[in-house]
Amino acid sequence: MKLIRIHPLDNVAVALEDFPAGETAAAEGTSVTARELIRRGHKVALTEIPKGSPVVKYGNPIGIATEDIAAGSWVHTHNTRTALSETAAYRYDHQVYPAPETAPRYFEGYRREDGRAAVRNELWIIPLVGCVNDIAGELVRDNQDLVTGTIDGLYRFSHPYGCSQLGGDLAQTGKILADLVRHPNAGGVLVLALGCENLTMDMFRGILGPYNPNRVKFLVCQEVSDELAEGRKLLQELAAYAGTFRREKMPASELVIGMKCGGSDGLSGITANPTVGRFSDRLIALGGSTVLTEVPEMFGAENILFSRCRDERVFDKAVRMVNDFKKYFVDHGQVVYENPSPGNKQGGITTLEDKSCGCVQKGGSAQIVDVLSYGDPVTEKGLNLLSGPGNDLVSATDLTAAGAHLILFTTGRGTPFGAPAPTVKISTNTALFEKKRSWIDFNAGTVADGAETLDAAGERLLDYVCRVASGEKTNSEKHGCRDIAIFKDGVTL
């Protein structure tokens with residue numbers, strides 16, 4: 001199959017492989033002859049699209065034709081513009097879809113003393129300020145001997161914040177760092193401070209709240225003569241505690257999985273993202289939880305999500321989340337549609353509506369049970385929306401802070417980064433999977449190749465996630481790719 005027409009209402013099809021000029025190909029219910037080369041992932045007009053008319057994909061308008069577009073023509077940024085604006089009206093039109101049937105799944109995880117499940121048993125060093133990032137790095141390098149038995153690794157999470165911040169930014173830094181300290185994948189955490197930063201240790205303890213002193217230790221470097229020796233002593237104590245945990249069988253219902261995309265292409269909304277959507281529906285049917293973020297990449301497709309809010313309270317929260325993010329753009333003098341990226345466009349994505357309709361496919365068809373503010377923890381079983389930007393590192397950190405045990409990251413162009421939580425890279429096309437075997441963990445390009453259905457790919461992904469949750473390392477873990485980024489909006493002193 002060379003072309004795919006995603007929805008019967010679509011007036012464009014997507015090339016699953018290069019579609020040369022003069023060649024004719026079928027697309028569900030019609031056929032078209034290419035007037036020019038249509039690259040893989042790009043769109044071809046199935047009928048004439050007059051100037052000013054909507055370009056329709058996924059059954060939704062994704063833009064407006066800026067000129068008459070003949071059937072067989074390439075449809076992209078040269079002849080299509082966004083129809084988005086900073087304002088929109090929303091109406092609650094509740095829709096419910098049946099949950100898929102799937103066999104029970106289990107994983108081998110760690111049971112924490114507070115009852116939560118974990119998929120890793122690691123030691124984490126959390127700097128409160130960027131000034132001690134390199135000390136944290138030395139402690140990681142010098143104490144790898146502590147990674148033994150059931151301890152899966154020792155990592156530090158550097159960032160440039162914690163000082164010269166005011167108001168909301170300082171509070172946000174403290175909130176995200178406290179979320180990381182609480183994360184179940186950390187069997188032991190060393191909180192590292194300098195001693196003169198805005199985010200003081202006493203302030204951070206107040207943000208953190210109650211904690212287990214066997215699991216969380218604190219070190220203020222200015223208060224000791226040898227921070228490396230003192231740090232080792234505390235890490236040894238943490239390792240002794242974390243080493244007491246053993247993997248045990250747990251139901252998949254205890255998993256919380258984050259969902260994210262980046263470096264998207266024209267196949268993202270056809271292969272990888274809906275594969276993740278099928279996975280999400282299955283995990284939720286088993287009693288588990290998934291989390292979808294990237295609010296700016298919901299713009300233009302938000303009604304697809306809003307109709308699945310389980311009640312009007314959740315709908316109102318979802319509308320407020322989207323409108324607040326639009327206001328954030330406006331307050332900074334930016335238009336809401338300054339997206340997709342150059343790489344997205346090269347891959348075949350034309351407008352933000354095009355990107356967003358593909359992006360929300362990761363949410364599957366389940367009911368949305370809750371809408372979370374930036375850095376808030378998941379408390380409801382099912383599909384959750386999480387406020388956060390589209391930036392890969394910021395949103396992946398946000399998902400980790402919300403409690404995601406691991407993150408599913410779909411990509412059409414590839415990226416090596418990893419979040420604090422294990423980050424599974426899912427390719428939209430087989431060519432990327434073959435080219436970047438050291439980056440990509442799971443190939444959803446099989447759907448475009450005709451080798452399996454979306455449902456089969458979703459089942460395969462569910463099995464793979466259970467293996468990762470049981471200890472199988474992702475490529476980003478193997479390469480030591482572990483980073484965080486914190487959302488910043490205000491003044492730097």
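Tutor: First, a term: helices are DSSP runs of H or I with at least four residues, numbered from the N terminus. This is a predicted model, where local features need pLDDT of at least 70 and side-chain atom pairs pLDDT 80 or more, while totals for chains, interfaces and linings use all residues. Numbering starts from 1 along each chain as its sequence is written, and side-chain values use heavy atoms, without hydrogens or water.

Student: Which helix supplies the largest share of the lining of the largest pocket?

Tutor: A pocket is an open set of points on a 1 Å grid over the protein atoms alone, with protein on both sides within 12 Å along at least five of seven lines; lining residues have an atom within 4 Å of a point. H5 (272–285), H6 (302–306), H12 (445–449) and H13 (454–469) each give at least two lining residues. The largest share is five residues, and it comes from H5.

Student: What is the volume of the largest pocket?

Tutor: Volume is the space filled by probe spheres set on the grid points, which are joined across faces, edges and corners. For the largest pocket, that is about 920 Å³.

Student: Which residues lie closest to the centre of that pocket?

Tutor: The lining has 35 residues in total. They split into 15 nonpolar (Ala, Val, Leu, Ile, Met, Phe, Trp, Tyr, Cys, Pro), eight charged (Asp, Glu, Lys, Arg) and 12 polar (the others, Gly among them). Closest to the centre are Pro-274, Arg-278, Gln-361, Gly-364 and Ser-365.

Student: At what angle do H5 and H13 pack?

Tutor: Pro-274 and Arg-278 of H5 are among the residues that meet H13, where the partners include Leu-454 and Val-465; contact means heavy atoms within 4.5 Å. The axes, lines fitted to C-alpha atoms over the stretch in contact, are 8 Å apart, and the angle, on a scale from 0 to 180 degrees between N-to-C directions, is about 65°.

Student: Are H1 and H4 oblique or roughly parallel to each other?

Tutor: H1 (residues 133–142) and H4 (residues 227–242) pack at about 55°, with axes 10 Å apart. Under 35 degrees counts as roughly parallel, over 145 as roughly antiparallel, 65 to 115 as roughly perpendicular, and the rest as oblique. So H1 and H4 are oblique.

Student: Which residues of H4 does H1 meet?

Tutor: By class, this contact has four nonpolar, one polar and four charged residues. From H1 come Ile-135, Glu-138, Leu-139 and Asp-142. Across from them in H4 sit Glu-227, Leu-228, Gly-231, Arg-232 and Leu-235.

Student: Which residues of H3 make the contact with H2?

Tutor: The axes of H2 (residues 167–182) and H3 (residues 201–208) come within 9 Å and cross at roughly 65°. Leu-170, Gly-174 and Val-181 are among the H2 residues involved. Eight contact residues are nonpolar, one is polar and two are charged. On the H3 side they are Met-203, Phe-204, Ile-207 and Leu-208.

Student: Which helix gives the most to the lining of the largest cavity?

Tutor: A cavity is a set of points where a 1.4 Å probe fits but cannot get out. The largest has a volume of about 70 Å³. Its lining has 14 residues, with Asp-265, Ser-268, Ile-349, Lys-355 and Gly-358 nearest its centre. The top contributor, with four residues, is H9 (residues 352–359).

Student: How much space lies in the second largest cavity?

Tutor: The count of cavities of 30 Å³ or more is two. Three of its lining residues are nonpolar, four polar and one charged. Its space comes to about 30 Å³.
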